[in-house]
Amino acid sequence: MPERRVEVRPFGVRYVCDACKQGEMMALAGAQAIVQEGDKVLIRHVCNVCRTLMAFPEKYPTVRYEDIPQQSFGQQNYGLPQNQQGAPQQPGTQVVPQNK
Ligand SMILES: [Zn+2]
């Protein structure tokens, strides 16, 4: 697959505290932030209002990206180029072998 550039829109994702519904869960830093649960690794977070501790597989706050849909992008130039769809060859483009 060749690379394709897409326009994206970043958006922040915050996790609102389940306990107080006001605070925001903030990821802890360092070794104390990592919780091993079986084969899963979770990241500890603490609410910045009520100090409730929770662990998530993802780190919050985070930034994600979503594609911005473009109307014509991906539709054009998708099939074969025009000159390979049976269009008659233009005069004057014939390659003449050189005699030496
Ligand atoms: Zn809270």
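This is a predicted model: local features need pLDDT of at least 70, side-chain atom pairs count only at pLDDT 80 or more; totals for chains, interfaces and linings use all residues.
Colleague: Happy to. How many helices and strands does the secondary structure come to?

Modeller: The protein chain has zero helices and six strands.

Colleague: And what is the mean pLDDT of the protein chain?

Modeller: The mean pLDDT is 83, and 73% of the residues reach 70 or more. Among the elements, strand 3 has the lowest mean pLDDT, 92, while strand 2 (residues 25–27) has the highest, 97.

Colleague: Let's get to the labels. Why is Pro-61 called partly exposed?

Modeller: Pro-61 has 13 other C-beta atoms within 10 Å. A residue is exposed at 12 or fewer and buried at 20 or more, so with 13 Pro-61 falls in between and is called partly exposed.

Colleague: Where is the place of Pro-61 in the chain?

Modeller: Pro-61 lies in the loop between strand 5 (53–56) and strand 6 (62–67).

Colleague: What makes the peptide bond joining Tyr-60 and Pro-61 cis or trans?

Modeller: Look at omega: it is about -10°, and the bond is cis. In general, most peptide bonds are trans.

Colleague: Which residues is Pro-61 in contact with, leaving aside its neighbours within four places in sequence?

Modeller: Those are Gly-12, Val-13 and Arg-14. Contact here means C-beta atoms within 7 Å. As a separate C-alpha figure, Pro-61 and Ala-27 are 34 residues apart along the chain and separated by 7.4 Å.

Colleague: Where is Gly-12, and what does it touch beyond four places in sequence?

Modeller: Gly-12 is in strand 1, and it touches Pro-61 and Val-63. Gly-12 also stands opposite Val-63 in strand 6.

Colleague: What makes you say strand 6 is hardly covered?

Modeller: The count of buried residues among its six residues is zero. For the protein chain, 4% of the 100 residues count as buried.

Colleague: Now the other strands. What is strand 4 paired with, and over how many bridges?

Modeller: Strand 4 (residues 40–47) pairs with strand 3 (residues 34–37) over four bridges, in the antiparallel sense. Strand 2 and strand 4 are also antiparallel, over three bridges. Strand 4 and strand 5 pair antiparallel over four bridges. Each of these meets the cut-off of at least two, so each counts as a pair.

Colleague: Which residues stand opposite each other in those pairs?

Modeller: Ile-34 stands opposite Ile-43, and Gln-36 has Val-41 as its bridge partner. Met-26 faces Val-46 in strand 4, and the partner of Arg-44 in strand 5 is Ala-55.

Colleague: How many residues lie between strand 3 and strand 4 in their hairpin?

Modeller: Two, and Gly-38 in that turn has a positive phi of about 65°. The hairpin of strand 4 and strand 5 has five residues between them, with Arg-51 in the turn.

Colleague: What makes the phi of Arg-51 worth a remark?

Modeller: Arg-51 has a positive phi of about 65° although it is not a glycine. Most residues other than glycine have a negative phi. Lys-21 is another case, with a positive phi near 60°.

Colleague: Why do Lys-21 and Arg-51 both count as exposed?

Modeller: Lys-21, in the loop between strand 1 and strand 2, has 9 C-beta neighbours inside 10 Å. Arg-51, in the loop between strand 4 and strand 5, has 11. The limit for exposed is 12 or fewer, so both qualify.

Colleague: Last one: what share of contacts between residues at least 6 apart in sequence join residues at least 24 apart?

Modeller: In the protein chain, 52% of them do.

Terms used:
Residues are numbered from 1 along each chain as its sequence is written. Two residues are in contact if their C-beta atoms, placed from the backbone, lie within 7 Å. pLDDT is the predictor's confidence in each residue, from 0 to 100.
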